[in-house]
Amino acid sequence: NPAFEWVVVEFRLSDFMTPTDDLTLRFSTQDCPATAITEALIDEVTVTSVLCEDVDATPPSIIHNAGQSTHPHSGYVDPRRESDNALALNEGIESLTIRFSETVRNVGGADLDTSAFSLVSTGAVTPAVASIDASANPLVVVNLDQNIVPGSWYTVVAHVEDTSGNVIEDMGDQGPGVDEPDRVDVAFLPADIDQTGGVNPLDLLRFKQLVNAIVEPDAGTIEDFLDINRSGGVNPIDLLAFKQLINGIPPSTQVWAGASLDAARP
């Protein structure tokens, strides 16, 4: 009969019973009116089980791992020289490499760009984010439009989310010594080898301890503290460069002995 056709029937099993691992499916058929010939065929039976997986609810965070991947590390005071000509403050930190706990993007889902990062400072001069390199995301390089200048703290704040839409936690400034999940604090004070926020005779002692491997840096690399002339390695010239900073001999722009940062670490 050309009127015969296949009919698809779908229903949710849980609407009628509680599904178990031991289940028998039985079919019955009946014509209407009952005087007709009963004919029924079953072509295909499909049982689909829908599992709901837990959605990632953990927000991303910056990995503060003693400068191993987030570099320079949060809380770092750059003690290296500030100038190569005794005139301009043309040397200093100009980029930070930040590792997140997972792949991140702009809040709202757009691809990561410069708007995902901002800077605040305890000083009068605050660089802007000029560009980023997210090619190795969750490792992101943040490039500034100028070097940070001596005497102040600079905080790079990330405004990002993960691929599940969880936004990084903004706990604000938690005070000195705390590594917040969304920011990195760095400062610049030439000759502050011992990272106290002030330049004094103990910095020379710490220089000698580090160069002779009597102590190891608490975080970061040895070059972060002893490559005073920013040559890319540590050598005897760095001790001369350190003394130039202390005494204000060119290429130092001033006498740094007795200098201090304008605030405690944020």
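In H3, the buried residues are Asp238, Ala241, Phe242, Gln244, Leu245 and Ile246. The model is a predicted one. Helix H1 (202-211) and H2 are among the elements that cover the buried residues of H3. Just after H3, Gly248 adopts a positive phi of about 70 degrees.

**Four-stranded sheet**

- An open sheet is formed by four strands in the order S1-S9-S7-S4, with mixed pairing.
- Strand S4 (117-121) and S1 stand at the edges with a single partner strand each, so one side of each has no neighbour in the sheet.
- From one strand to the next, the twist averages 25 degrees.
- S1 and strand S9 (residues 183-188) run parallel and are joined by three bridges.
- Tyr76 has Val186 in S9 as its bridge partner.

- S2 pairs with strand S6 (residues 139-144) in the antiparallel sense, over five bridges.
- Within S6, Val142 is the bridge partner of Leu96.
- Strands of a sheet pair through backbone hydrogen bonds, in either the parallel or the antiparallel sense.
- The covered face of S2 carries Leu96 and Ile98, while Ser95, Thr97 and Arg99 are on the uncovered face.
- In a regular strand, side chains alternate between the two faces of the sheet.
- Ile98 also belongs to the largest nonpolar core, which has 45 residues; Ile98, Phe100, Leu112, Phe117 and Val160 are those with the most contacts inside it.
- Beyond its neighbours within four places in sequence, Ile98 is in contact with Ile62, Thr70, Phe117, Pro138, Leu139, Val140, Val142, Val156 and Val184.
- Nonpolar side chains tend to be buried together in soluble globular proteins.

**Salt bridges**

- The count of salt bridges comes to eight.
- One of them joins the side chains of Arg230 and Asp78, at 2.9 Å from N to O.
- Arg230 is in the loop between helix H2 (222-226) and helix H3 (237-247), whereas Asp78 is in strand S1, so this pair ties together parts that are 152 residues apart in sequence.
- Asp78 has a relative accessible area of 0% and is therefore buried.
- A network of salt bridges links Asp78, Arg80 and Arg230.
- The side chains of Arg183 and Asp170 also meet in a salt bridge, again with an N to O value of 2.9 Å.
- Because Arg183 lies in strand S9 and Asp170 in the loop between strand S8 (160-162) and S9, the pair ties together parts that are 13 residues apart in sequence.
- Arg183 counts as buried at 11% relative accessibility, whereas Asp170 counts as exposed at 55%.
- Another salt bridge is formed by Arg265 with Asp185, whose closest N and O atoms are 3.2 Å apart.
- Arg265 is located in the segment after H3 and Asp185 in strand S9, so the pair ties together parts that are 80 residues apart in sequence.
- Both partners are buried: Arg265 has a relative accessible area of 14%, and Asp185 has one of 1%.

- Arg81 is situated in the loop between strand S1 (76-78) and strand S2 (95-99).
- The relative accessibility of Arg81 is 18%, and with the cut-off for burial at under 20%, Arg81 counts as buried.
- Apart from neighbours within four places in sequence, the contacts of Arg81 are Glu91, Phe188, Ile228, Asn229, Arg230, Leu245 and Pro251.
- Among these contacts of Arg81, Leu245 is one of the buried residues of H3, and Arg230 takes part in the salt bridge with Asp78.
- Thr163 is in the loop between S8 and S9.
- With a relative accessibility of 54%, Thr163 counts as exposed.
- Not counting residues up to four places away in sequence, Thr163 touches Thr103 and Arg105.
- Thr163 and Val107 are 56 residues apart in sequence, and their C-alpha atoms are 9.8 Å apart in space.

Notes
Residues are numbered from 1 along each chain as its sequence is written. Side-chain values use heavy atoms; hydrogens and water are left out. Helices (H or I, at least four residues) and strands (E, at least two) are DSSP runs, numbered from the N terminus. Buried means under 20% relative accessible area, exposed over 50%, partly exposed in between (1.4 Å probe, protein chains only). Contact means heavy atoms within 4.5 Å. A nonpolar core is a set of buried Ala, Val, Leu, Ile, Met, Phe, Trp, Tyr and Cys residues joined through side-chain atoms within 4.5 Å. Two strands pair if DSSP finds at least two bridges between them. Axes are lines fitted to C-alpha atoms, for helices over the stretch in contact, and angles run from 0 to 180 degrees between N-to-C directions. A salt bridge is a side-chain nitrogen of Lys or Arg within 4 Å of a carboxyl oxygen of Asp or Glu.
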